[in-house]
Amino acid sequence: MSTTETSTDYETITVSPLNGACGAEVAGVDLTGEVAPQTVAEIIKALDVHSVVRFRGQELSPPAQERFAARFGELAVYPFAEPTAESQHVFPIIKTAEQTENFGGAWHSDSAYLDTPPSYTMLYGVKTPEVGGHTLFTSQRLVTADMTSGFLDELTGMRVVYRAGNVPRYDRVDRDGMHHQSNPEVAERDVDHPLVRVHPNTGERFLFLSRLHTRRFKGMTEEESRPLLDQLFSMQIRAEYASWMDWEDGQLTIWDNRIVLHYALNNYQNELRHMHRTTVLGEVPLAG
Ligand SMILES: O=C(O)CCC(=O)C(=O)O
Ligand SMILES: [Fe+2]
């Protein structure tokens, strides 16, 4: 249970760092077949170290993606869009050639407004643009490492209130290739999580803050919360903490949704981008 690796950690896969702050390419495994338990454990090790991993050249139907994802834990259902017909745990993220807005085009961690936000998100590229359409990541491990221990201690014990309904998208149904559903019961509910969290695998303490759905600190008004929130929001997306994922058709990318933020870059137009997403149910976030 550590965030460093040695040459003996991987016997069934190879793991090569990609660029910048986080992210690695994993090779040597066919995700469509029976993936051995040791291989799953090695992939989790790679995620503990690199936070984001990609596998190229995979042919994952929605049922195959669901089957593979279920090896990492119970699967979650996304409350604001309809899944594929084939698998209730796989939902399409589509930007059509005619559409100009994209999904996920803001820094966030997925579904921070749930009591148990996803541990892992798995995104599969069905049809990806020739150029562009990257996903950016920022490592909150690096953000935390650059804080003084006094500052981190000050943040410890604080809680952040999240609400999905903060984001207007949830009122919107079917304006693009996706089937959105508004789900007011989930959207209009406040959920709070610790600002400093402990990672259940590695034991590390890290900043957990997802701007997209944040309202305020617990016990403070929005106005009182604003200065510190703005300070943290700008700290946690500094370019030095970032890496980018480029895509090709047939690529599966998994990220540890607890310890990275991501941002879907809308840097392509007039082209279809079609992805399939599955999320693994996480734990109730552990306070640091
Ligand atoms: O399409 C992407 O690159 C990421 C979209 C997103 O935010 C997500 O899948 O959670
Ligand atoms: Fe996302």
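Guide: This is a predicted model, in which local features need pLDDT of at least 70 and side-chain atom pairs count only at pLDDT 80 or more, while totals for chains, interfaces and linings use all residues. Residues are numbered from 1 along each chain as its sequence is written, and chains are lettered from A and ligands numbered from 1 in the order in which they are written.

Let us begin with the core. A nonpolar core is a set of buried Ala, Val, Leu, Ile, Met, Phe, Trp, Tyr and Cys residues joined through C-beta atoms within 7 Å. A residue counts as buried if 20 or more other C-beta atoms, placed from the backbone, lie within 10 Å of its own. The largest such core has 60 residues, and V53 and F137 touch the most other members. Strand β5 (residues 120–127) gives this core its largest share, 4 residues; strands here are DSSP runs of E with at least two residues, and helices are runs of H or I with at least four, numbered from the N terminus. Leaving aside residues up to four places away in sequence, V53 touches A24, V26, I43, A46, L47 and I254, where contact means that the C-beta atoms, placed from the backbone, lie within 7 Å.

The buried residues of α2 are P62, Q65, E66, F68 and A69. Seen down the axis of α2, they fall within an arc of 165°, so they line one face of the helix; the arc is that of the directions from the helix axis to the C-beta atoms. These buried residues pack against β5 and β15 (273–280).

Notes. A residue is buried if 20 or more other C-beta atoms lie within 10 Å of its own, exposed if 12 or fewer, and partly exposed in between; C-beta atoms are placed from the backbone. Two residues are in contact if their C-beta atoms, placed from the backbone, lie within 7 Å.
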